[in-house]
Every structure is written in structure tokens, then in C-alpha cells.
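Please look at the sequence and the structure below, and then follow the chain step by step through the paragraphs that come after them.

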Amino acid sequence: MGKRPGRAFSNVSGDRVYLGNQSGRIVALDVDSGMRVWSAREGATGPVWPVGGSLFAVSDLNELLRLDDTDGSRIWGVELPNFVKRKPKKQSRIVVHHGPIVAGGRVIIASGDGVLRSYDPANGALTGSVEIPGGATTAPVVAGQTLYVVSKDGVLLAYR
């Protein structure tokens, strides 16, 4: 794969900083030395989510990914909806995905196509979906056992 321009997103867990960019790389760096621990040929459109020995990310190639946090190897990848319409001449609008977050034993993504999707972290299987009226404009946030998302209409939506 060639280089892809973009920006970087990071998250810290323990003694590692995990960085993903839209140029096709996710890397792990040692917090103390700044030295690279590993590099994966996967990009990320937002922050990676480290939890339980894994990293979850929405890739720059439109997949929900689970990587091993010790070496960056791919555990699984699930293709996400890409175009709003599948017709060849109407593929100009793409579906934007926000997240992921891991909460309640699920990997959760809020999408611009009006769907909040949850996946099994073990195998990537879709476990549920809920409507987001108007679609999402932000990553989901969890507080007090409630999941919050802002819609394209600027409405704060709460899910339990």
C-alpha cells in the first residue's frame, strides 16, 4: 500500500501510547522512551480504544478493527457501511463512523447513516443496532450507564 495523507489520533494505556493516522499506520510507543514498540499497516479515522489486551479502531479503509496490543497483529476486521447509496452514480456521499468505544461488553460505533451499531468484541459480529434520528455527528460517550450521541440536528440523544 502507498502512503495516505492524514492526521494522527492517540490514546494512552499503561506504559504505551497508541497512535493511529489516516495514512495507513497504527503504532505503539513506549511512554517513557518514546521508542516504537510496533507498527501495523492499518490506519485509523479516530482514536484507537485500548482495552483487555486489544485495540479497537475504525480504519481509514472503512473497517472496524481489533488488533493485538502486544504486536499490532490483526485479530479481526469487519467491513462497515460505506456509501449512503450503492448505485454507481450516487456514491459521492459516504457514511461517516464515529468511535469506537467499548462499553457494556460491546464495541459501539455511531454512524452518519442514522444507526448506532454494537459489535461483539470477541469476534466482530454485529450484536445490535438502534436508530439515531438524523444520524450521528459525534463519537458516543458513556456516563452513568447511559450512552450519549449528538445527532446531525444538534440533539443530544441518550440510550440505556
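How many residues lie between strand 2 and strand 3 in the hairpin that they form? There are three residues between these two strands, and Gly24 in the turn has a positive phi of about 90 degrees. Strands, here and below, are DSSP runs of E with at least two residues, numbered from the N terminus. The model is a predicted one, in which local features need pLDDT of at least 70 and side-chain atom pairs count only at pLDDT 80 or more, while totals for chains, interfaces and linings use all residues. Residues are numbered from 1 along each chain as its sequence is written, and side-chain values use heavy atoms, with hydrogens and water left out.

Rings of Phe, Tyr and Trp (for Trp, the six-membered ring) pair if their centres lie within 6.5 Å, and their planes count as stacked under 30 degrees apart, as edge-to-face over 60 and as tilted for the rest. By this rule there are two aromatic pairs. One of them is formed by Tyr18 and Trp38, which is tilted, with 6.2 Å from centre to centre and 40 degrees between the planes. Because Tyr18 lies in strand 2 (residues 16-21) and Trp38 in strand 4 (residues 36-40), this pair ties together parts that are 20 residues apart in sequence. Tyr18 counts as buried at 2% relative accessibility, and Trp38 is buried with a relative accessible area of 6%, where buried means under 20% relative accessible area, exposed over 50%, and partly exposed in between (1.4 Å probe, protein chains only). The rings of Phe56 and Trp76 have their centres 6.1 Å apart and their planes at 50 degrees, so this pair is tilted. Phe56 in strand 6 (residues 54-58) and Trp76 in strand 8 (residues 74-79) are 20 residues apart, and the pair thus links distant parts of the chain; both residues are buried.

Five bridges join strand 9 to strand 10 (residues 106-111), and Ala103 stands opposite Arg106 in strand 10. Strand 11 (residues 115-119) is likewise joined to strand 12 by five bridges, and these two strands form a hairpin with six residues between them, where Gly124 in the turn has a positive phi of about 80 degrees.

His98 lies in strand 9 (residues 97-103) and counts as buried, because its relative accessibility is 17%. The backbone oxygen of Ala136 lies 3.4 Å from a polar atom of the His98 side chain.

In soluble globular proteins, nonpolar side chains tend to be buried together. The largest nonpolar core here has eleven residues in all, among them Ile101, Ala110, Leu116 and Ala136; such a core is a set of buried Ala, Val, Leu, Ile, Met, Phe, Trp, Tyr and Cys residues joined through side-chain atoms within 4.5 Å. Strand 9, strand 10, strand 14 (146-150) and strand 15 (156-159) each supply at least two residues of this core. Leu116 stands opposite Val130 in strand 12.

Methods. Helix = DSSP H or I, 4+ residues; strand = E, 2+ residues; numbered from the N terminus. Polar contact = N/O pair within 3.5 Å; in protein donor to acceptor, adjacent residues only side chain to side chain. Pairing = 2+ DSSP bridges.
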